[in-house]
Amino acid sequence: MLDTVLTVDTTEARVDADLSRRWRDRRLATDVVYLDNAAAGRSSRAVLEATTAHLHREAEVGAYAAAQEARPLIDRGRADLGVLLGRRAADIAYVESASAAIRALLDAWPAAAGGRVLATPGEYGPNLDLFRAHGLVPALIPVADDLGHADVDAFTRLLDADPPGLVHLCAIGSHRGVVQPVHALVRACRERGVPVVVDAAQALGHVDAAYDADAVYATGRKWLAGPRGVGFLALRPDRAGRLRADPVAPGSAMTGADATAAGRLESREAFVGGRVGFAVAVREHLEAGPATVRAALRDVGRHARERLAGVGGWGVVEGVEEPSATTTLTPPAGWSDDEVDRARDELRTRHRVVVTYAGPERAPAEAVRATLRVSPHLDTTEEDLDVLAAALDAVTGGSRSTR
Ligand SMILES: *Cc1c(COP(=O)(O)O)cnc(C)c1O
């Protein structure tokens, strides 16, 4: 099992009719309509079992001995993640979250200190705060439309006219299911030698995240449905060589990557059981076929947008054909952000539908008001969308009568 060499499908395969059923069968039954995978996916039974088995082992033989035993599986997970990202296992460092990854990178990378960082208006708000805390001044990449897709030509001209110290690309934002043309943007940076980093927190397991950037990072808990508390940072070795000699987390005892720059950034004290579970989640994803999953998620997104547009006075932000599963809904005319927040609560408590309240702070340079973020996964059915639609109708109707 550990030695299995995987070949990953690269064609956008036709959606397997069984894919949805298999995704559901591998998970615990739920009595909610779970449409919040962009926050955290529901882990499979195998992921839960691997994680808890490791916790038991820690109690039986001691945490450090258990970590030694788990090393082959964790290294397999690192190698599988490398397959998914198009990177070497040794260039991937495990950390606790996407935020921990970008913080570790900016702390360790002198090239990223000071100067301008170019980002799309949809950049994740907390990242903008982090840039400023590192002395970076955010500047905006021009966009091609109202949805905030980056304008690749205008971006390229900007790189030539006034190259920034760093480009940071949020592949899919936290506030909207818009997919940025990251491959083209990265190519423009690489051709000009401009350092480029990609936030793949919403892209991993959702769209093709094999970006040729200097660094890519994400968390495993969202579209890959890994355990919470496990994220990673993947570095190109030529850039990683210029990291500060003073490492953030000196030599982890558990990794096979101690000698590399990425290995030096790996967090030493960690949720090891989570890394074990994450290895299982990544393997499940590779076995399902990343391209097949991506195509299926695009279909799920299209269905959701078609079904939900206009229901109860809510509007769909994304174009129907946007190649992602994430759909965001603007509230009926005149609603405040607080009312959207209350709608999210009511959907959960009265209708048992779980979605995200996406406040404008998630993308302060782009979002002007709050939306509901609906993020279905492979197990989402037409009936689930019908339940949400009926619930949105009810929430709007209830609000009208109390206004
Ligand atoms: C969730 C998210 C993050 C932060 O991830 P954490 O693992 O919670 O730190 C960063 N960027 C985007 C686009 C996200 O959706």
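This is a predicted model: local features need pLDDT of at least 70, side-chain atom pairs count only at pLDDT 80 or more; totals for chains, interfaces and linings use all residues.
Okay, let's start with the ligand. There are 13 residues around it, and the ones that come nearest are Ser99, Asp199, Gln202, Arg221 and Lys222. If you sort that shell by type, you get five nonpolar residues, five polar and three charged.

Asp199 puts a polar side-chain atom 2.6 Å from a nitrogen atom of the ligand. On the oxygen side, Gln202 has a side-chain N or O atom 2.9 Å from a ligand oxygen. Arg221 also has a side-chain N or O atom sitting 2.9 Å from an oxygen atom of the ligand. And how much of the ligand does the protein bury? Taken alone, the ligand exposes 380 Å², and 91% of that gets buried by the protein.

Next up, helix H5, which runs over residues 125-133. Its buried residues are Gly125, Asn127, Leu128, Leu130 and Phe131. What do they pack against? Quite a list: helix H4 (98-108), plus strands S3 (116-119), S4 (137-140), S5 (166-170), S6 (196-199) and S7 (215-219). After H5 comes Gly135, with a positive phi near 80°.

We've got an open sheet of four strands here, ordered S9-S10-S13-S12, and the pairing is antiparallel. If you zoom in on S12 and S13 (residues 371-374), they pair antiparallel over three bridges.

Key:
Residues are numbered from 1 along each chain as its sequence is written. Side-chain values use heavy atoms; hydrogens and water are left out. A residue is near a molecule or strand if one of its heavy atoms lies within 4 Å of it. A polar contact is a pair of N or O atoms within 3.5 Å; within protein, one must be able to donate a hydrogen and the other to accept it, and residues adjacent in sequence count only if both atoms are side-chain atoms. Accessible areas come from the Shrake-Rupley method with a 1.4 Å probe; for residues, only the protein chains shown count as cover. Ala, Val, Leu, Ile, Met, Phe, Trp, Tyr, Cys and Pro count as nonpolar, Asp, Glu, Lys and Arg as charged, and the others, Gly among them, as polar. Buried means under 20% relative accessible area, exposed over 50%, partly exposed in between (1.4 Å probe, protein chains only). Helices (H or I, at least four residues) and strands (E, at least two) are DSSP runs, numbered from the N terminus. Contact means heavy atoms within 4.5 Å. Two strands pair if DSSP finds at least two bridges between them.
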